[in-house]
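Let's take a walk through this structure together.

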Amino acid sequence: MTRRVRARELVGRPVVSVAAGERLGEVKDVVVEAESGEFRGFTLNAPGALGSPLDRALAADAVHAIGSHAVMVEDESSLAEDPGTLRGDRADVIGTTVLTENGTRLGEITDVILDVDRDTTLVGYEIERDDDGGKRLIARPSAVSISGDTLIVPDDVDQVAPDELAALRAER
Amino acid sequence: MKASEIHGLPVVSRESARELGEVRTLLLDVGGRRVAAVEVDAGGRARAGWGSVVGVGADAMVLENENALHDPADDERQRLAPAADLPERLVLDDRGDAEGKLADVEIDPEDGRLVALLVGEDRIDAERLRSIGGYAVVVSSARG
């Protein structure tokens with residue numbers, strides 16, 4: 001069974017330790033490596049001793065599970081102090097130009113779609129079209145290529161209605 | 001028996017037949033899935049290990065004798081969870097989905113074993129309990 005979620009919906013979700021039943025913080029950013037499309041992990045706001053929030057990092061391989069209420073980790077040691085360890089481009093993929101192979105700008109990326117069933121993988125992009133301002137979903141295997149600036153798609157790329165996350169094709 | 005049925009019961013000494021106080025809360029050993037001790041309102045607060053409980057029924061908890069009650073500071077620093085603080089605590093499974101809010105905890109009064117967590121209309125077998133924390137009670141997912 002696949003479970004799909006918009007990365008932006010995860011912002012603010014509590015991060016909870018399985019071993020202790022404690023809330024360690026909340027999701028601040030979803031980190032995606034733009035060129036490979038790989039999900040790298042989350043940056044978190046964690047409660048600091050003096051009241052102001054601390055930055056923490058949660059690497060993708062330290063995520064135990066992502067559910068409808070919380071992101072679960074084994075215990076406190078799953079978090080890292082330095083968000084720089086995630087080696088991705090925080091939120092840079094949002095706003096990336098979507099270009100067809102024949103050189104027409106289709107729109108821009110507004111979100112990424114993650115499959116969170118066992119491991120967490122990026123399975124698609126939400127785009128906002130220039131022509132009607134509407135949102136569509138594009139499956140990751142449909143993309144030709146992606147860089148930090150541009151996502152290239154076929155002229156006739158399959159575009160899924162924005163609430164049909166489950167309809168995104170997993171394979172090319 | 002439900003923890004809520006035990007909280008507030010009079011605590012009586014078998015040796016003297018005297019009432020010592022009333023049950024403030026059961027103290028749960030999460031890893032052992034059992035009641036480790038009972039906190040008693042006895043003038044001050046006092047604690048009795050489950051081993052000194054002779055029996056608990058609808059009308060009272062009976063301890064061996066008054067010496068069973070000791071100052072909580074004498075205990076080892078164990079992480080015991082007070083059952084009386086648990087109603088309304090969020091119950092999360094280890095996949096990150098919410099099961100509901102904890103209503104009550106069921107124990108076996110013979111041996112103090114945790115039997116089940118009561119969440120709304122559902123009974124979650126105590127075998128599934130992973131942790132009890134200030135934010136949530138975590139249980140292993142029913143999906144497995």
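Start in chain B, where T25(B) has E39(B) in β3(B) as its bridge partner. These two belong to strand β2 (residues 19-29) and strand β3 (residues 34-42) of chain B, which pair in the antiparallel sense over seven bridges. A word on terms: strands here are DSSP runs of E, at least two residues long, numbered from the N terminus, and two of them pair if DSSP finds at least two bridges between them. In general, strands of a sheet pair through backbone hydrogen bonds, either parallel or antiparallel.

Before going further, keep in mind that this is a predicted model: local features need pLDDT of at least 70, side-chain atom pairs count only at pLDDT 80 or more, and totals for chains, interfaces and linings use all residues. Residues are numbered from 1 along each chain as its sequence is written, chains are lettered from A and ligands numbered from 1 in the order in which they are written, and side-chain values use heavy atoms, with hydrogens and water left out.

Back to our hairpin. Between β2(B) and β3(B) there are four residues, and R33(B) in that turn has a positive phi of about 50 degrees. From there β3(B) carries on to strand β4 (residues 44-49) of chain B, an antiparallel partner joined by six bridges. Look for V40(B), which stands opposite A46(B) in β4(B). This hairpin has one residue between the strands, and G43(B) takes a positive phi near 85 degrees.

Now move along chain B to a sheet of six strands. It's an open one with mixed pairing, in the order β11-β10-β9-β8-β13-β12. At its edges sit β11 (122-125) and β12 of chain B, each pairing on one side only.

Inside this sheet, β8(B) and strand β9 (residues 98-107) of chain B run antiparallel, joined by three bridges. V91(B) finds its bridge partner in β9(B), namely G100(B). Four residues lie between the strands of this hairpin, where G96(B) takes a positive phi near 90 degrees. On we go: β9(B) is joined antiparallel to strand β10 (residues 114-119) of chain B by five bridges, and D104(B) stands opposite L118(B) in β10(B). The hairpin of β9(B) and β10(B) has six residues between its strands, and G112(B) there has a positive phi near 75 degrees.

So what about the other chain? Counting contact as heavy atoms within 4.5 Å, 18 residues of chain B are in contact with 21 residues of chain A. Together the two chains bury about 1500 Å², 46% of it on carbon and sulfur atoms; buried area is the accessible area (1.4 Å probe) that two parts lose on being put together, summed over both. R95(B), Y135(B) and R143(B) supply 40% of the area that chain B buries against chain A, more than any other three residues.

How many salt bridges are there between chain B and chain A? The count is one, between the side chains of R3(A) and D97(B) (3.0 Å, N to O). A salt bridge here is a side-chain nitrogen of Lys or Arg within 4 Å of a carboxyl oxygen of Asp or Glu.
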